[in-house]
Amino acid sequence: MAEVQNMLTFAMMLVLMVIVVILLVPWPGAIRKLIVRFIHKFMHSRTVLVVNVMLALFLFVIWVSAVRNEQRYSDELDSKINTITFESKLDLRIKVFREQRNSYIAGFSIFLIPVIYRLYTLLAAASPSDELKALREENKELKEKLRHSKKNE
């Protein structure tokens with residue numbers, strides 16, 4: 001069961017890293033706009049929000065479990081350092097290493113979630129939407145009309 005959890009955590013970290021790379025690549029304007037629109041639709045879905053929260057909680061539980069197990073194996077290794085055989089020490093050190101690795105993977109995955117959200121908000125702010133462009137055009141037209149009305153008076 002623990003191996004399945006670790007594989008899922010690693011897979012989620014890879015997916016999150018791919019999303020970060022996609023967001024960081026300087027795409028041309030049209031492609032960037034498509035990416036922002038897709039993420040906007042994806043981020044504002046209630047179901048997706050619930051799934052994201054559940055995944056974050058899953059990652060947090062995996063992280064806490066890995067830290068707790070690492071501490072337990074480390075304490076066990078420290079208490080038995082002089083009384084156990086070389087093979088047993090090696091086995092405990094491997095367990096400590098494995099739990100440290102799992103805690104780093106889960107912690108990095110948790111860290112990537114707000115990074116992705118922040119990158120999305122920066123991209124969304126950098127690429128003006130069609131509504132914003134329409135409002136700017138309307139604003140220019142109104143300013144022109146105001147100038148013409150002042151000249152006519």
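**Close-up 1. Helix α1 (residues 2–24) gives the nonpolar surface patch its largest share, 3 residues.** The patch is made by Val18, Val21, Ile22, Val25, Trp27 and Ile31, and covers about 460 Å². Val18 is a residue of helix α1. This is a predicted model, in which local features need pLDDT of at least 70, side-chain atom pairs count only at pLDDT 80 or more, and totals for chains, interfaces and linings use all residues. Residues are numbered from 1 along each chain as its sequence is written, and side-chain values use heavy atoms, with hydrogens and water left out. Patch residues have over 30% relative accessible area and no salt bridge, with nonpolar side chains (Val, Leu, Ile, Met, Phe, Trp, Tyr) joined within 5 Å and like charges within 9 Å. Accessible areas come from the Shrake-Rupley method with a 1.4 Å probe, and a salt bridge is a side-chain nitrogen of Lys or Arg within 4 Å of a carboxyl oxygen of Asp or Glu. Helices are DSSP runs (H or I) of at least four residues, numbered from the N terminus.

**Close-up 2. Here α1 meets helix α4 (residues 86–126).** Their axes come within 9 Å and cross at roughly 30 degrees. That makes α1 roughly parallel to α4 (angles under 35 degrees count as roughly parallel, over 145 as roughly antiparallel, 65 to 115 as roughly perpendicular and the rest as oblique). Axes are lines fitted to C-alpha atoms, and angles run from 0 to 180 degrees between N-to-C directions. The crossing of α1 and α4 is left-handed (the near helix is turned anticlockwise from the far one by less than a right angle).

**Close-up 3. Now look at helix α2 (residues 29–43) packing with α4.** The angle is about 125 degrees and the axes are 10 Å apart, so α2 and α4 are oblique to each other. α2 passes α4 in a left-handed crossing.

**Close-up 4. Finally, α1 packs with helix α3 (residues 46–79).** These axes lie 11 Å apart, at an angle of about 125 degrees. That makes α1 oblique to α3, and α1 passes α3 in a left-handed crossing.

Technical notes. Helix = DSSP H or I, 4+ residues; strand = E, 2+ residues; numbered from the N terminus.
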